[in-house]
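Please work through each task before reading its solution.

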Amino acid sequence: MPQGSPLSPLLYIYYNADLLDIAKHSTETLGLGFIDDIGYGVKGYSDKGNIHKLGKVLKKAEEWRKKHGVQFETSKYVLVHFTRNSRQPTKASITINNVTISPSDEARYLGVIFDKQLRFKSHL
């Protein structure tokens, strides 16, 4: 498939569909994707509980990666604990393949800046 072909994005999305389906096994997980940008979300009541759920999703994503011979750019991994409750701990980090991802105050996805309180002040 030549680069720039109108068919390329459709085939790439089809190829990555299983990677997004990983998050469909639970009502507490979400997978978002556009071309080669993938995002996973989990919901719960604690940062450590969410890290546990996210770890399961990322483990399955790593299995998919190995099976398909794909390389993930770990330097682009971002972890944000979204909450408006300032008393809620948001310090839990996650380690995947010897790479530790510490929580950040915001993340950029497809040009939108999401702050941890989802107020979008940085984006505006």
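**Exercise 1. Helix packing**

Helix α1 (residues 8-21) and helix α2 (residues 47-68) pack at an angle of about 150°, with their axes 9 Å apart; helices are DSSP runs of H or I of at least four residues, strands are runs of E of at least two, and both are numbered from the N terminus. The model is predicted: local features need pLDDT of at least 70 and side-chain atom pairs pLDDT 80 or more, whereas totals for chains, interfaces and linings use all residues. Residues are numbered from 1 along each chain as its sequence is written, and side-chain values use heavy atoms, without hydrogens and water.

Task: Describe the orientation of α1 and α2, and state which residues make the contact.

Solution. 
1. Axes are lines fitted to C-alpha atoms, for helices over the stretch in contact, and angles run from 0 to 180 degrees between N-to-C directions.
2. The two helices are therefore roughly antiparallel to each other, a term for angles over 145 degrees.
3. α1 passes α2 in a right-handed crossing (the near helix is turned clockwise from the far one by less than a right angle).
4. On the α1 side the contact (heavy atoms within 4.5 Å) is made by Y15, N16, D18 and L19, and on the α2 side by A61, W64 and H68.
5. These residues divide into four nonpolar, two polar and one charged; Ala, Val, Leu, Ile, Met, Phe, Trp, Tyr, Cys and Pro count as nonpolar, Asp, Glu, Lys and Arg as charged, and the others, Gly among them, as polar.

**Exercise 2. The cavity**

Task: Determine which residues line the largest cavity, and which element gives the largest share.

Solution. 
1. A cavity is a set of points on a 1 Å grid over the protein atoms alone where a 1.4 Å probe fits but cannot get out; lining residues have an atom within 4 Å of a point.
2. The structure holds one cavity of 30 Å³ or more, and about 50 Å³ of space lies in the largest cavity.
3. Its lining consists of I13, N16, A17, L20, G33, F34, I35 and I38.
4. Two or more of these residues come from each of α1 and β1 (29-34), and α1 gives the largest share, four residues.
5. By class, the lining has six nonpolar, two polar and no charged residues.

**Exercise 3. The chain as a whole**

Task: State how many helices and strands the protein chain has.

Solution. 
1. There are two helices and six strands in the protein chain.
2. Along the sequence, their pattern reads α-β-β-α-β-β-β-β.

Terms used: Parallel < 35°, antiparallel > 145°, perpendicular 65-115°, else oblique. 1 Å grid on protein atoms, 1.4 Å probe; cavity = no way out; pocket = protein on both sides within 12 Å on 5 of 7 lines; lining within 4 Å. Points joined across faces, edges and corners; volume = space filled by probe spheres on them.
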